[in-house]
Amino acid sequence: MADDALVIFTPSGKRGRFAHGTPILTAARQLGVDLDSVCGGRGICSKCQVSPGVGEFPKHGVTVSPEALSAWNSVEQRYKDKRGMLDGRRLGCQAQVMGDVVVDVPPESQLHRQVVRKAASARVVEMDPATRLYFVEVAEPDMHEPSGDLERLANALREQWEIPRVEAGPTILRKLQPVLRKGKFQITVALYRDHTGISRILDVWPGLYEGALCGIAFDLGSTTIAAHLSDLRDGSVIASGGIMNPQIRFGEDLMSRVSYSMMNPGGDIEMTKAVREAINTLSLNVAEEAGIDPLAIMETVIVCNPVMHHLFMGIDPVELGQAPFALATSSSLSLPASEVDLTAINPEARLYILPCIAGHVGADAAAVALSEAPQLSEDLVLIVDVGTNAEILLGNKTRVLACSSPTGPAFEGAQISSGQRAAPGAIEHLEIDPETKEPRFKVIGCDIWSNEDGFAEATASTGVTGICGSGIIEAVAEMRMAGLVDPAGLIGGPEQTGTPRSRAAGRTHEYLVYDGSAQNGPVITVTQGDIRAIQLAKAALYAGARLLMDEFGTETVDRVVLAGAFGAHISPKHAMVLGMIPDCPLENVTSAGNAAGTGARLALCNVAARAGVEKQVGQIHKVETAIEPKFQQHFVNASAIPNAVEGFPHLLKVVHLPDVSHNTAGSESGTRRRRKR
């Protein structure tokens with residue numbers, strides 16, 4: 001032991017004594033140091049590159065001589081000549097311990113690479129995917145020791161990678177023998193090992209495979225489906241895409257789709273087929289964008305609300321349409337992707353679906369909880385995943401509550417007279433001058449405001465085509481701040497508002513945002529029906545949040561996080577002017593982007609995250625909005641803009657809400673009478 005050398009690894013700080021001649025990779029493995037290797041120490045893959053130090057290291061109490069590692073060898077030189085390697089780097093499988101040494105493991109050589117998830121929370125994601133590549137040398141067949149190729153491959157994985165047991169399906173068995181012989185019994189295996197301990201071979205290649213290894217995280221929403229194609233080696237997103245959920249033709253909201261299934265025998269089968277075809281199409285689209293073979297996609301993770309969950313899995317959602325809103329299963333699911341007709345990717349690919357929380361709070365809410373971790377928050381945080389069906393979380397380190405709220409598709413541009421999905425040419429930001437009542441706006445794909453020079457030229461290719469979800473939110477809020485809309489949501493006429501842009505539209509009024517008729521373009525207005533659709537949607541959202549606050553026993557929240565692909569583009573000020581969210585200091589209202597999609601990516605990139613979210617979901621308390629009497633009370637109060645009860649002191653510090661009334665009958669009761677007629 002006295003002759004053993006001290007080996008210290010940084011940045012982990014792990015250390016141990018090893019006999020002279022021990023490869024650095026072996027020392028790293030014995031100490032549990034995070035050092036990558038696909039080839040198992042054969043000097044082929046170069047994943048185990050390290051940077052040895054030389055000189056005094058007072059912090060560690062050692063002096064490292066230039067001879068602390070064995071001499072540079074031909075394997076390292078061959079690799080450097082062929083692929084290149086930074087000066088001073090060594091291959092951990094080739095460099096042997098000859099004296100006390102300090103070895104740094106650079107980030108790109110760490111198996112569990114840390115990937116910054118998003119700057120807002122400065123959290124990191126440890127790369128520990130379920131699917132990885134393993135290079136092995138397999139014993140050749142021997143008549144005197146008969147065994148199958150799969151069994152000898154399993155022995156090689158056990159001996160060279162300490163993987164005790166593997167499974168393989170017919171697809172792999174058909175490929176295995178020709179691949180083994182082509183690689184001269186050297187083979188790369190894509191092996192799936194999840195948090196339950198299952199080990200399954202997904203694909204095989206002759207020799208050392210260094211091509212793509214990918215997975216897709218899907219956020220399957222009621223209106224849109226988003227996909228993030230990720231590299232399973234480092235967690236990077238190499239392509240993203242989205243399409244409209246084709247189920248929308250069966251009903252714009254969840255309950256209308258449940259109703260369609262109830263009223264039309266086989267309706268659930270139609271909807272299942274439609275959404276699976278859409279996911280296959282989207283898989284091909286992102287693979288093409290990334291320039292990879294779809295067969296390189298080995299894993300998928302899907303998050304969705306309970307109705308989408310059942311329709312995707314081929315389960316009739318009828319029970320979700322009536323109390324007690326029973327799920328067929330609330331547990332996570334892990335199964336072959338081919339079992340649910342995902343045929344555009346590798347035929348052996350695996351699918352993981354996060355657990356549902358309960359009733360109408362689904363796997364998408366679980367993904368938001370995984371991404372935003374409210375159970376770790378010191379302050380009370382309200383997380384709102386804005387969409388056709390909003391998922392709301394409220395909590396801190398003491399407890400976490402959850403509910404869903406049926407906001408409908410208005411926030412995503414549906415049911416809006418000039419509404420459209422977020423695409424180039426759609427108005428996404430809008431301001432109205434409170435004095436002149438004149439609007440200006442920005443469209444997706446152009447950073448120039450509509451009243452600035454160069455706007456017409458910059459939008460010549462797309463034009464101004466409509467208004468998307470974030471645009472309609474800002475439009476209604478700006479109309480309220482400019483006095484065009486009163487607290488009850490009524491649009492005033494030209495005499496009341498002082499602008500001809502408020503014009504008659506039957507028995508109500510509308511506000512003209514853009515007139516492109518001279519160029520054969522659209523006329524974009526905000527109608528009274530649009531205002532009502534937004535009022536209904538935001539009232540449902542606010543009522544759900546207030547219900548959770550009642551359950552928690554609080555009148556205020558410390559901060560608000562707006563999540564969802566749409567929520568990422570909502571202005572906090574405009575959201576509060578509408579009364580979508582409870583009053584809160586505006587600086588404490590932040591965006592988490594597509595948090596459900598981020599949670600799906602976390603589950604894709606880290607098997608421990610799957611086990612973690614399964615435990616986390618069991619600790620979240622579900623509040624059912626459908627049976628809580630207070631929900632209706634909060635909903636009615638929240639129909640006003642911003643709200644008929646809450647004073648919004650933080651909001652009023654930064655914006656002025658004019659005290660106007662466009663009710664010509666002189667009272668809100670008169671407004672109600674006119675609506676009845």
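This is a predicted model: local features need pLDDT of at least 70, side-chain atom pairs count only at pLDDT 80 or more; totals for chains, interfaces and linings use all residues.
Residues are numbered from 1 along each chain as its sequence is written, and side-chain values use heavy atoms, with hydrogens and water left out.

View 1. Ala596 belongs to helix H14, which spans residues 595–605; helices (H or I, at least four residues) and strands (E, at least two) are DSSP runs, numbered from the N terminus. With a relative accessible area of 0%, Ala596 is buried, where buried means under 20% relative accessible area, exposed over 50% and partly exposed in between, for a 1.4 Å probe and protein chains only. Leaving aside residues up to four places away in sequence, Ala596 touches Asp219, Val303, Asp364, Ala367, Val368 and Asp385, a contact being heavy atoms within 4.5 Å. The C-alpha atoms of Ala596 and Ala365 are separated by 6.9 Å, although these residues are 231 residues apart along the chain.

**View 2. Helix H8 and the residue that follows.** Helix H8 covers residues 363–372, and because ten of its ten residues are buried, it is largely enclosed by the rest of the structure. Among the buried residues of H8 are Asp364, Ala365, Ala367 and Val368. H8 is followed by Ala373, which has a positive phi near 50°.

View 3. Three strands form an open sheet in the order E25-E26-E27, with antiparallel pairing; two strands pair if DSSP finds at least two bridges between them. Strands E25 (502–505) and E27 (523–527) stand at the edges, each with a single partner strand, so one side of each is left without a neighbour in the sheet. Neighbouring strands of this sheet are turned by 45° against each other on average, direction ignored. Four bridges join E25 to the antiparallel strand E26 (residues 508–515), and Ala505 has Thr508 in E26 as its bridge partner. Helix H12 (residues 528–552) lies across E26 and E27, running at about 55° to E27, where axes are lines fitted to C-alpha atoms, for helices over the stretch in contact, and angles run from 0 to 180 degrees between N-to-C directions.

**View 4. Cysteines without disulfides.** The structure holds zero disulfides, a disulfide being a pair of cysteine sulfur atoms within 2.5 Å. Cys93 is in no disulfide, and the nearest cysteine sulfur, that of Cys48, is 3.8 Å away; Cys93 is buried, at a relative accessible area of 12%. The sulfur of Cys304 is 6.4 Å from the closest cysteine sulfur, in Cys356, which is too far for a bond, and Cys304 counts as buried at 0% relative accessibility.
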